[in-house]
Amino acid sequence: MEWTAAAVGQGLIASPQGDIEDGDRDLFLENLRHGVSEAVARSVPLIIDLAAVGHMSASALMALTIARKDAVAGGIKIILARPGAALRKILEISRYQLIFDIIEDPNDGGE
């Protein structure tokens, strides 16, 4: 798993690349928490662009849940953008659409 992040428009866009498996959980969570901290400092949402992620393990989903708690405590949202069909199905089965906004265009900031 690789990770890049950049401030764009009304948000901070983070872009993980590759499958996020159990062994990637700690690094994924560290990157998420760093992104949340930056987004809180800027008072903008953290947008996770999932276009280059094919699969997320249950451990990676748990990392998203932990990061969401940090985001809520900091007064910002984490928004998931552009999940592929397989990942969207995983998110829906896990009912993540109930706790995260899921959008198609990461540049619209969830608007």
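**Group meeting: a loop leucine, the sheet and the cores**

Let's start with Leu 50, which sits in the loop between strand 3 and helix 2. Before I go on: this is a predicted model, where local features need pLDDT of at least 70, side-chain atom pairs count only at pLDDT 80 or more, and totals for chains, interfaces and linings use all residues. Residues are numbered from 1 along each chain as its sequence is written, and side-chain values use heavy atoms, with hydrogens and water left out. When I say helix (H or I, at least four residues) or strand (E, at least two), I mean a DSSP run, numbered from the N terminus.

So, is Leu 50 buried or exposed? Buried, at 0% relative accessibility; the cut-offs are under 20% relative accessible area for buried, over 50% for exposed, and partly exposed in between, with a 1.4 Å probe and protein chains only. What does Leu 50 touch, leaving aside neighbours within four places in sequence? Pro 16, Leu 80, Ala 81, Arg 82, Pro 83, Leu 87 and Leu 91, with contact meaning heavy atoms within 4.5 Å. From Leu 50 to Ala 14 is 8.7 Å, C-alpha to C-alpha, and those two are 36 residues apart in sequence.

That loop also holds Ser 57. Ser 57 is buried too, with a relative accessible area of 6%. Beyond its neighbours within four places in sequence, Ser 57 contacts Ile 20, Glu 21 and Asp 22.

We have an open sheet of 5 strands, order 1-2-3-4-5, with mixed pairing; two strands pair if DSSP finds at least two bridges between them. At the edges are strand 1 (2-8) and strand 5 (101-103), each pairing on one side only. The twist averages 25° from one strand to the next. Axes here are lines fitted to C-alpha atoms, for helices over the stretch in contact, and angles run from 0 to 180 degrees between N-to-C directions.

Strand 2 (residues 11-17) runs parallel to strand 3 (residues 46-49), paired over 3 bridges. In strand 3, Leu 46 is the bridge partner of Leu 12. Packed on the sheet is helix 1 (residues 25-42), which touches strands 1, 2, 3 and 4 (78-81), its direction at about 140° to that of strand 3.

On to the cores. A nonpolar core is a set of buried Ala, Val, Leu, Ile, Met, Phe, Trp, Tyr and Cys residues joined through side-chain atoms within 4.5 Å. The largest one has 28 residues, and Phe 28, Leu 46, Ile 48, Met 56, Leu 64 and Ile 78 touch the most other members. Helix 2 gives the most to this core, with 6 residues. Take Leu 64: outside four places in sequence, Leu 64 contacts Phe 28, Leu 32, Met 56, Leu 80, Tyr 96 and Phe 100. Apart from that core lies another, of 5 residues, including Ile 47, Ile 79, Ala 81 and Ile 103.

Last, the aromatics. How many pairs are there? The count is 2, where rings of Phe, Tyr and Trp (its six-membered ring) pair if their centres lie within 6.5 Å; planes under 30 degrees apart are stacked, over 60 edge-to-face, and the rest tilted. Trp 3 and Phe 28 are edge-to-face, 6.0 Å centre to centre with 70° between the planes. Trp 3 is in strand 1 and Phe 28 in helix 1, so this pair ties together parts 25 residues apart in sequence. Tyr 96 and Phe 100 count as stacked because their ring centres are 5.6 Å apart and their planes at 15°. Tyr 96 is buried at 9% relative accessible area, and Phe 100 is buried at 2% relative accessibility.
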